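Hi everyone, thanks for coming. Let me put the model up on the screen, and then I'll walk you through it.

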Amino acid sequence: MADNVSNALTDPVPHGVVGRLPRALLNRAGREVIGWQETIRDLGAFALITFGAIATKFGHARSLTRPMIRHEIYRCGIRLLPMICFIGLALGLVIIGQTVSLLTKVGAQNYGGMVMVSVVVRELGPLIAALLVLARAGAANVVELGTARALGEVEALESLGIDPVHYLVVPRVIGMAVSIFGLTVYLIVVAILSGLLFAFLQDVPMSPSDYFGQLAGALLWQDFVLLALKTLSFGAVIALITSFQGLARPLKLEDVPAATARAVGESVVVCGLLDAVFLIVYLLI
Amino acid sequence: MPDASFNLAEPLVELVDVTAALPEADDAPEARGVSWSIEPGQFWAIGGLPAAGESCLLPTAAGLMRPTAGVVRLFGRAIASDTGETELLETRRRIGLVFSNGGRLFRDQSVLGNITIPLRYHFDLPLDEAESRTEALVEMLGLKPWLHRSAITLPLVWQQRTALARALALQPEVLFLDRPLSALDFSHRGWWLEFLGELAAGLDGWPPVTVVVGGDSMKPWLGVASNFACLDEGRWETVADPAASDHDARDVTRRFTRKKN
């Protein structure tokens, strides 16, 4: 028995297995890389077509597209307001609760406002609003468009001379971008107010005027510009990716769930990368 | 019945040695070597089994799909593989296309919404104005009782009629219909044959519309259509005398003898 064990440990692994395993892994990795490269290229082309449609057909068919944009803002923004207010409330309590107690211990409670601005305004606010919209409206977007594609409604639009990108994608891009911007503003306001409420309830030695003074002192004008840019780009990216996965490829009905999962994954990754870009910009200013 | 030879004007649609196939399916049937000229005032009936390649030929002739080989000319302009989509969208406004099996209506719209979409999009009309413009069409097609119902909750025969109204909303010069008689009962078939015949001849206040219908058989269109052709397993054949043609019999035989994979 001992001999068998020692033989097993010392015997060389058969050449075939050694040769096959890395090659299979390399092939798999290669396929993944090529797949990602193709997706990025197609997505880039789709984004250019969409922005082209926004630029060239902005005023076209207003009576039809404006109600659709309003509907998107209702679906992705107004309907999510209660949820975003709840998250803002929790976020304010958690951040002020945790940071103020820590800062008080080291006598640095004057930095509460700065922490609030850094964490909520610059980072978590836009990201949470984007992820919430992705989960509630972005996934639904893929299902709607994927089903429309699978049932031939897109060809029906084309047969009527209607540009599917202008009719189906542009209202979603504008609606989602505006919604994420609006929701982020509400989230930040609610988080700031709930932080103040927590400070008041916990008898933190910080008056409302101190608190708002710290916030005002920490906020730069660039914060407002970058917040708008970040939230609008999150909205545009989520709308583009979910529309791309629903529309741009021929789908059968049974492909729609897989396309939805793909769109959610890609949106999270791209939003994360965009967030990193904005973080670098924040660090540079 | 419209006269097949009354107009010698330039063809509205011309196909020269065209091969048409669905791009996403390698094993899908294709129509091969189609040379076909559709002239104003004609009423074409195309016969062929469901897998004969007709489902890709009609969208190709209507400019919805690009041909895999050959040349398609719409109103004298060739559609090449690099023809811009915007240019094609403009051309498609002059062509109506009614899909089979309920006509691919927009599920999130009512019957009225479906019919008025082309007018609202191309002429930027508010809904009430688009509704008043389509009133006569809705009346003519008997769709008034269904107007505010969700389109996909309608019985299939009325969905098909809604698709016809949607395709006619822009008053196209050529109308393509893919299997319009499938899934229709006897009374509805009669209505469609009569209406399309009148449409080709010129309805009240409408110029004559050139009509192309596809279907399993050419026989229902005898006495209505002026020109006949069939797709025999993807091969295009014009039929001079459809009453004497054995095409339907061949198709019936093929239907029963075709082996299932």
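I'll go through helices, cysteines, charged pairs, a surface patch and some backbone angles.

A few ground rules first. This is a predicted model, in which local features need pLDDT of at least 70 and side-chain atom pairs count only at pLDDT 80 or more, while totals for chains, interfaces and linings use all residues. Residues are numbered from 1 along each chain as its sequence is written, chains are lettered from A and ligands numbered from 1 in the order in which they are written, and side-chain values use heavy atoms, with hydrogens and water left out.

Let's start with helices, by which I mean DSSP runs of H or I with at least four residues; strands are runs of E with at least two, and both are numbered from the N terminus. In chain A, please find helix α5, residues 112-150. Where does α5 bend? The bend is at A:Leu124, by about 50°, and a proline, A:Pro126, follows within four residues. That angle is taken between axes fitted to the seven residues ending there and the seven starting there. Just after α5 of chain A comes A:Gly152, with a positive phi of about 85°.

Now over to chain B and its helix α1, residues 54-61. Seven of its eight residues are buried, so α1 is largely enclosed by the rest of the structure. Buried, for us, means under 20% relative accessible area, exposed means over 50%, and partly exposed is in between, with a 1.4 Å probe and protein chains only. The buried residues in α1 of chain B include B:Glu54, B:Leu57 and B:Pro59. After this helix comes B:Gly63, whose phi is positive, near 80°.

Next, the cysteines. How many disulfides does the structure hold? Zero, over all chains, with a disulfide taken as a pair of cysteine sulfur atoms within 2.5 Å. Take A:Cys85: the nearest cysteine sulfur belongs to A:Cys76 and is 17 Å away. A:Cys85 is partly exposed, at 29% relative accessible area. In chain B, the sulfur of B:Cys56 is 15 Å from the closest cysteine sulfur, in B:Cys230, which is too far for a bond. B:Cys56 is buried, with 3% relative accessibility.

On to the charges. The structure holds 16 salt bridges over all chains, each being a side-chain nitrogen of Lys or Arg within 4 Å of a carboxyl oxygen of Asp or Glu. One of them pairs A:Asp163 with A:Lys57, with the closest N and O atoms 2.7 Å apart. This pair links distant parts of the chain, 106 residues apart: A:Asp163 sits in the loop between α6 and α7 of chain A, and A:Lys57 in the loop between α2 and α3. Are these two buried or exposed? A:Asp163 is buried at 12%, and A:Lys57 is buried at 17%.

In chain B, B:Glu173 and B:Arg94 form a salt bridge at 2.8 Å, N to O. B:Glu173 lies in the loop between α6 and β7, and B:Arg94 in the loop between α2 and β6, so the pair ties together parts that are 79 residues apart in sequence. Here B:Glu173 is partly exposed at 32%, and B:Arg94 is partly exposed at 37%. Back in chain A, salt bridges that share partners join A:Glu72, A:Arg75, A:Glu144 and A:Arg172 into one network.

There is also a link between the side chains of A:Glu153 and B:Arg107, a polar contact of 2.4 Å. A polar contact is a pair of N or O atoms within 3.5 Å; within protein, one must be able to donate a hydrogen and the other to accept it, and residues adjacent in sequence count only if both atoms are side-chain atoms. A:Glu153 is in helix α6 of chain A and is buried, at 8% relative accessibility.

Now the surface of chain A. A:Phe181, A:Val185, A:Val189, A:Leu193, A:Phe212 and A:Leu232 form a nonpolar patch there, with about 460 Å² of accessible area together. Areas come from the Shrake-Rupley method with a 1.4 Å probe, and for residues only the protein chains shown count as cover. Patch residues have over 30% relative accessible area and no salt bridge; like charges are joined within 9 Å, and nonpolar side chains (Val, Leu, Ile, Met, Phe, Trp, Tyr) within 5 Å. Helix α7 of chain A gives the largest share, four residues, while A:Phe212 is in helix α8.

Last, two angles in chain B. B:Phe75 has a positive phi, near 55°, and is not a glycine; this residue is buried at 13%. B:Gln171 has a positive phi of about 50°, and is not a glycine either, but B:Gln171 is partly exposed at 42%.
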